[in-house]
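Colleague: Please put the model up on the screen. I have some questions to get through.

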Amino acid sequence: MTDARARLDPHNAIAAIDRRIFGGFVEHLGRHIYDGIFEPGHPEADGHGFRQDVVALVKELGVSTIRYPGGNFVSGYRWEDGVGPKEERPRRLDLAWHSTETNEIGLHEFADWLELVGSDLMLAVNLGTRGTQEALDLLEYANASADTAFTRQRTANGRPDPFGVSMWCLGNEMDGPWQLGHRNADDYGRIASRTAKAMRMLDPGVELVVCGSSASSMPTFGSWERTVLGHTFDDVDFISCHSYYQERGGDAQEFLASGVDMARFIESVVAIADSVAAEKKSDKRIMISFDEWNVWYLHNEDGSESGHEFKGGAWPVAPRLLEDRYHALDAVVFGDLLITLLQHADRVRSASLAQLVNVIAPIMTEPGGPAWKQTTFFPFSITSRLAGDRAVRVPVDAGTVTSERFGEVAAVNAVATIDDEGVSLFLVNRSTEAAASLTVDLAPLVRELGREVSLVESHLLHEDDIYAANSLDDRERVGVRPLADAAVDPTGLRLTLPPVSWAALRLA
Ligand code: AHR
């Protein structure tokens with residue numbers, strides 16, 4: 001057992017939290033849409049084919065903005081295929097995931113589903129196989145209110161009012177050689193700048209996200225950001241970061257340091273963006289849209305990539321792709337990634353958990369069967385629900401654990417949020433061996449408030465078997481429970497964090 005101390009001082013403010021940090025991502029990929037959120041004939045489906053059990057879980061998850069329709073998929077997508085009478089919509093080959101896209105769901109249906117789940121739409125345009133004109137067409141169709149051919153078409157398709165989409169991604173992962181229409185940084189920077197300028201001429205209110213690197217491990221990472229922002233600095237509001245983590249070679253301790261990697265990624269991109277600002281003698285600050293993050297077992301043990309099982313003659317509709325099963329260890333790392341995003345709330349103003357249903361997802365479904373929560377559901381839903389208006393730094397002295405990549409990293413990581421009703425504290429114990437007996441000094445908080453605080457709720461995610469997971473046959477194997485020994489007294493908050501655990505507490 002390690003003795004650990006932390007200090008919760010509201011003056012250690014990081015920034016106001018943009019709720020878009022709790023965003024999600026829905027791609028036309030595998031069984032995400034078809035046989036996921038949309039399954040006509042399922043006993044839980046409404047008249048439009050949307051599963052209400054999935055709607056309820058997405059609402060409980062608490063996702064703010066949802067990025068759509070991809071991902072790699074968007075780089076070959078013709079948005080026009082997904083609007084108009086369903087019986088006239090073409091079936092197309094989706095080259096990104098080697099599948100057949102039926103186009104039963106498109107912009108209108110997805111916007112209807114978003115109304116059911118209470119989330120906002122964030123759209124990506126295709127800058128892979130298409131360009132500025134098609135991006136403008138989609139923007140006009142979605143957001144214009146003047147009487148034009150596109151707005152008449154939208155009205156005829158049942159939507160007289162604009163969709164009013166404010167956040168737009170200028171393509172997806174254009175640095176990746178796997179991306180349809182992959183470009184080098186100069187070529188992408190030029191088309192992104194032209195497209196952004198044109199989109200702003202049509203709708204000056206849009207917020208634009210330019211593609212950063214698809215991972216910090218990309219060989220072009222850093223120079224990509226510098227070059228792309230060199231072209232687009234004046235045209236965009238955000239640069240994207242994408243990052244996926246997985247345990248490799250059975251090294252849980254290294255995997256538990258993933259939050260450190262995410263923090264360095266964010267801080268590096270911020271440094272590059274600010275150096276471009278300095279070169280341009282600008283006080284503009286480019287924000288980060290961390291619009292793909294998660295645990296994803298992308299690499300099989302032999303080093304090959306998962307999710308590409310359907311190469312060859314078959315082009316299935318809604319195949320089972322990227323259906324990772326998450327265990328308790330994954331959820332603890334995942335919770336730490338959320339803590340890391342909140343610790344960078346000054347620059348991370350938007351983030352999208354990739355993805356939501358069936359595809360590397362916190363929610364799983366079975367055709368004709370139930371929907372259930374994966375382990376990662378709990379840190380997301382609890383953090384999204386408890387996080388207040390402002391993020392606050394919480395320094396913790398709990399010793400270190402050793403990471404081969406990062407050296408000595410903090411064994412316990414924490415962040416707090418504050419709002420008018422109270423304080424929320426999020427904690428992770430990254431050690432695979434030692435529990436942490438933690439005392440959080442609340443004196444600065446109590447002084448600031450001028451009154452005592454009390455513990456309202458607590459949640460612990462920990463399993464003695466760190467590889468325990470939920471499954472179709474055992475849907476509630478892993479969940480959260482109250483922190484048994486958490487208590488507040490006049491000097492502070494005391495609790496024990498078992499090894500490999502994530503916790504959240506609410507103080508009022
Ligand atoms: O989220 C799955 C895939 O990961 C997305 O389509 C792509 O953008 C990323 O490489």
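Modeller: Start at Gln355, which is in the loop between S12 and strand S13 (363-365). Helices and strands here are DSSP runs numbered from the N terminus, with at least four residues (H or I) for a helix and at least two (E) for a strand. This is a predicted model, where local features need pLDDT of at least 70 and side-chain atom pairs count only at pLDDT 80 or more, while totals for chains, interfaces and linings use all residues. Residues are numbered from 1 along each chain as its sequence is written, and side-chain values use heavy atoms, with hydrogens and water left out.

Colleague: Is the peptide bond from Ala354 to Gln355 cis or trans?

Modeller: The bond from Ala354 to Gln355 is cis, and its omega is near 5°. Most peptide bonds are trans, and most residues other than glycine have a negative phi.

Colleague: Where is Asn358, then?

Modeller: Asn358 also lies in the loop between S12 and S13. Its phi is positive, about 65°, although Asn358 is not a glycine.

Colleague: Is Asn358 buried or exposed?

Modeller: Asn358 counts as buried, at 0% relative accessibility. The cut-offs are under 20% relative accessible area for buried, over 50% for exposed, and partly exposed in between, with a 1.4 Å probe and protein chains only.

Colleague: What about strand S12, and where is Ser350?

Modeller: Ser350 is in S12, which covers residues 348-354. Ser350 is buried, with a relative accessible area of 0%.

Colleague: Which residues does Ser350 touch?

Modeller: Not counting residues up to four places away in sequence, Ser350 touches Arg20, Ile21, Met122, Met167, Phe238, Ile288, Ser289 and Phe290. A contact is a pair of heavy atoms within 4.5 Å.

Colleague: Back to cis bonds. What joins Tyr68 and Pro69?

Modeller: A cis peptide bond with omega about 5° joins Tyr68 and Pro69. Pro69 is in the loop between strand S4 (65-68) and strand S5 (92-94).

Colleague: And what is the phi of Asp35?

Modeller: Asp35 has a phi near 70°, a positive value in a residue other than glycine. Asp35 sits in the loop between strand S3 (23-25) and helix H1 (52-61), and is partly exposed at 28% relative accessible area.

Colleague: Helices next. How many residues of H9 are buried?

Modeller: 16 of the 16 residues of H9 are buried, so H9 is largely enclosed by the rest of the structure. The helix runs over residues 328-343 and should span 22 Å at 1.5 Å a residue; its end C-alpha atoms are 23 Å apart, which agrees. The expected span is 1.5 Å times one less than the number of residues.

Colleague: How many of the residues of helix H2 are buried?

Modeller: In H2 (residues 107-117), 8 of the 11 residues are buried, so H2 is largely enclosed too. Among the buried ones are Phe110, Trp113 and Leu114. The buried residues of H2 pack against H1, S4, S7, H3 and helix H4 (149-156).

Colleague: How many cavities does the search find?

Modeller: The search of the whole structure finds 3 cavities of 30 Å³ or more. The largest cavity holds about 140 Å³ of space, and of its 16 lining residues the closest to its centre are Tyr77, Trp79, Ala124, Val125 and Leu138. A cavity is a set of points on a 1 Å grid over the protein atoms alone where a 1.4 Å probe fits but cannot get out, and a lining residue has an atom within 4 Å of a point. Points are joined across faces, edges and corners, and the volume is the space filled by probe spheres set on them.

Colleague: Which elements supply the lining of the largest cavity?

Modeller: Strand S7 (120-125) and helix H3 (132-143) each supply at least two residues.

Colleague: And how much space lies in the second largest cavity?

Modeller: About 80 Å³. Its lining includes His28, Tyr34, Phe73 and Asp94, and strand S6 (residues 99-101) gives the largest share, 3 residues.

Colleague: Last topic: which domains is the chain divided into?

Modeller: Domain 1 is 2-9 + 393-507 and domain 2 is 18-386; the bounds come from an automatic or database domain assignment. Their centres, taken over C-alpha atoms, are 30 Å apart. In the interface, 41 residues of domain 1 are in contact with 35 residues of domain 2.

Notes
On a 1 Å grid over the protein atoms alone, a cavity is a set of points where a 1.4 Å probe fits but cannot get out, and a pocket is an open set with protein on both sides within 12 Å along at least five of seven lines; lining residues have an atom within 4 Å of a point.
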